[in-house]
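Colleague: Could you take me through this structure slowly, and set each label against the rule that lies behind it?

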Amino acid sequence: MPHREQAEERPVTIYDVAREAGVAPSTVSRALARPGRVSVATASKVREVAQRLGYLRSRTLPAALQRSQLLAMVVSDIKNPVFTDLVRGADLAAEGAGYTLMVFDSRESMVRERAFERYLTAVDGVILTSPRLPAAGIRMLAKQRPVVVLNRIVGDLPCVLTDGAEGARHAAEHLHELGHTEVTYLAGPAASWTDGVRWRGVQQSAVDLGIRTCRIRAASPTVEGGFRAASHWAANPTTGVIAFNDVMAIGFIVGLRALGLEVPRDVSVVGFDNSQLGTLTTPPLTSIASPLRDQGTTATNTLIAILAGKPVPSDPILLPTRLMPRESTGRSCGVARLRATVARVG
């Protein structure tokens with residue numbers, strides 16, 4: 001009698017695991033690929049059954065389909081307090097969906113942003129916050145992992161940003177109402193898309209309001225950069241100043257004091273971002289507020305929706321800004337009087 005070969009053992013399927021665990025196949029899929037989408041008890045039970053039946057040992061998913069439940073948020077300068085609320089909003093949204101958020105500080109360096117690519121395989125998706133990379137570089141990252149861009153518009157990619165032009169108008173109109181006819185803009189990094197939007201907003205407002213504007217490019221968008229910008233401003237002083245961000249505005253105020261000038265008696269200063277640090281300075285800083293925590297939450301929820309295969313808005317998600325007037329702005333002393341004061345103390 002001829003020997004009959006033993007039938008090859010049938011591989012374990014997701015339906016076998018579902019039947020043994022008493023759940024739907026879709027629940028097995030979520031429990032193994034995205035455990036944050038089911039209860040801890042269900043995820044534990046499904047994994048135990050899958051391991052016992054040999055389902056996990058029999059499957060090796062392609063790297064592109066493996067999920068780490070890890071999201072990355074790349075920020076341009078972790079020392080800037082504006083990122084505190086952004087990261088907090090993103091972290092809470094990620095945690096609520098069963099993900100862990102990793103934060104990567106690019107330190108205002110395009111080279112470090114590009115170097116982040118080596119970590120892409122470890123995460124499911126990326127939020128790029130105020131990226132300095134050119135659009136082509138950002139799209140290259142997006143070909144490897146889902147990407148949401150924060151505070152910048154990159155065509156064909158989901159973007160979340162605040163209305164920087166609107167914020168610049170709020171600042172210029174506020175200074176104009178206080179009698180300021182000449183305004184200096186303390187610019188941010190040359191590679192910053194947001195800086196360009198804010199500067200164009202200042203320029204357009206100046207045309208509409210009939211005020212004169214000029215721009216100073218600081219060494220860096222930091223307290224030190226703002227401090228050093230004060231000496232450059234003194235060569236062509238204006239009674240009103242709008243800074244790219246709050247930390248620059250604070251440094252600029254300190255620089256004015258070093259020159260023997262007072263805020264707002266001699267100069268009125270407006271910042272951007274309405275960070276908590278600005279409320280603790282002397283005088284408290286007038287600033288343009290944006291919903292920072294909502295930005296982080298919205299960007300993260302958008303990224304998670306993409307990972308879940310859900311539709312997301314094709315147009316940029318634009319969040320509003322508003323003016324927060326405080327004691328760093330006041331009535332203009334007049335350009336002639338200011339220049340006489342600068343000449344005297346200088």
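**Helices that pack together**

Modeller: Let us begin with helix H4 (residues 82–96) and helix H12 (residues 292–307), which pack at an angle of about 35° with their axes 7 Å apart; axes are lines fitted to C-alpha atoms, for helices over the stretch in contact, and angles run from 0 to 180 degrees between N-to-C directions. Helices (H or I, at least four residues) and strands (E, at least two) are DSSP runs, numbered from the N terminus. This is a predicted model, in which local features need pLDDT of at least 70 and side-chain atom pairs count only at pLDDT 80 or more, while totals for chains, interfaces and linings use all residues. Residues are numbered from 1 along each chain as its sequence is written, and side-chain values use heavy atoms, with hydrogens and water left out.

Colleague: Which residues of H4 and H12 meet?

Modeller: Contact means heavy atoms within 4.5 Å, and by that rule H4 brings Val 82, Asp 85, Leu 86, Arg 88, Gly 89, Ala 90, Leu 92, Ala 93 and Ala 94 against Leu 292, Arg 293, Gln 295, Gly 296, Thr 297, Thr 300, Asn 301 and Ile 304 of H12. By class, this contact of H4 with H12 has 8 nonpolar, 6 polar and 3 charged residues, where Ala, Val, Leu, Ile, Met, Phe, Trp, Tyr, Cys and Pro count as nonpolar, Asp, Glu, Lys and Arg as charged, and the others, Gly among them, as polar. H4 passes H12 in a right-handed crossing; the crossing is right-handed if the near helix is turned clockwise from the far one by less than a right angle, and left-handed if anticlockwise.

Colleague: Why is H9 called oblique to H10?

Modeller: Helix H9 (residues 223–233) and helix H10 (residues 246–258) pack at about 45°, with their axes 6 Å apart. Angles under 35 degrees count as roughly parallel, over 145 as roughly antiparallel, 65 to 115 as roughly perpendicular and the rest as oblique, so H9 is oblique to H10. The residues in this contact include Phe 227 and Trp 233 of H9 and Met 248 and Phe 252 of H10, and by class the contact has 11 nonpolar, 3 polar and no charged residues.

Colleague: What makes H7 and H8 oblique?

Modeller: The axes of helix H7 (residues 164–177) and helix H8 (residues 193–209) come within 8 Å and cross at roughly 40°, and therefore H7 is oblique to H8. H7 also passes H8 in a right-handed crossing.

**Single residues**

Colleague: How do you know whether Arg 132 is buried or exposed?

Modeller: Buried means under 20% relative accessible area, exposed over 50%, and partly exposed in between (1.4 Å probe, protein chains only); Arg 132 has 7%, so Arg 132 counts as buried. Arg 132 lies in the loop between strand S3 (125–129) and helix H6 (135–142), and its side chain reaches the backbone oxygen of Ser 130 at 3.1 Å. That is a polar contact, a pair of N or O atoms within 3.5 Å; within protein, one must be able to donate a hydrogen and the other to accept it, and residues adjacent in sequence count only if both atoms are side-chain atoms.

Colleague: What makes Ser 287 buried?

Modeller: Ser 287, in strand S10 (residues 286–289), has 1% relative accessibility, and therefore Ser 287 counts as buried. The side chain of Ser 287 reaches the backbone nitrogen of Asn 274 at 2.8 Å.

Colleague: Why is Glu 108 called partly exposed?

Modeller: Glu 108 has a relative accessible area of 26%, which means that Glu 108 is partly exposed. Glu 108 is found in the loop between strand S2 (100–105) and helix H5 (110–115), and, leaving aside neighbours within four places in sequence, Glu 108 is among the residues in contact with Arg 132.

Colleague: What is the phi of Glu 108?

Modeller: Phi of Glu 108 is near 60°, a positive value in a residue other than glycine. Asp 273, in strand S9, likewise has a positive phi, of about 105°, although it is not a glycine. Most residues other than glycine have a negative phi, and most peptide bonds are trans.
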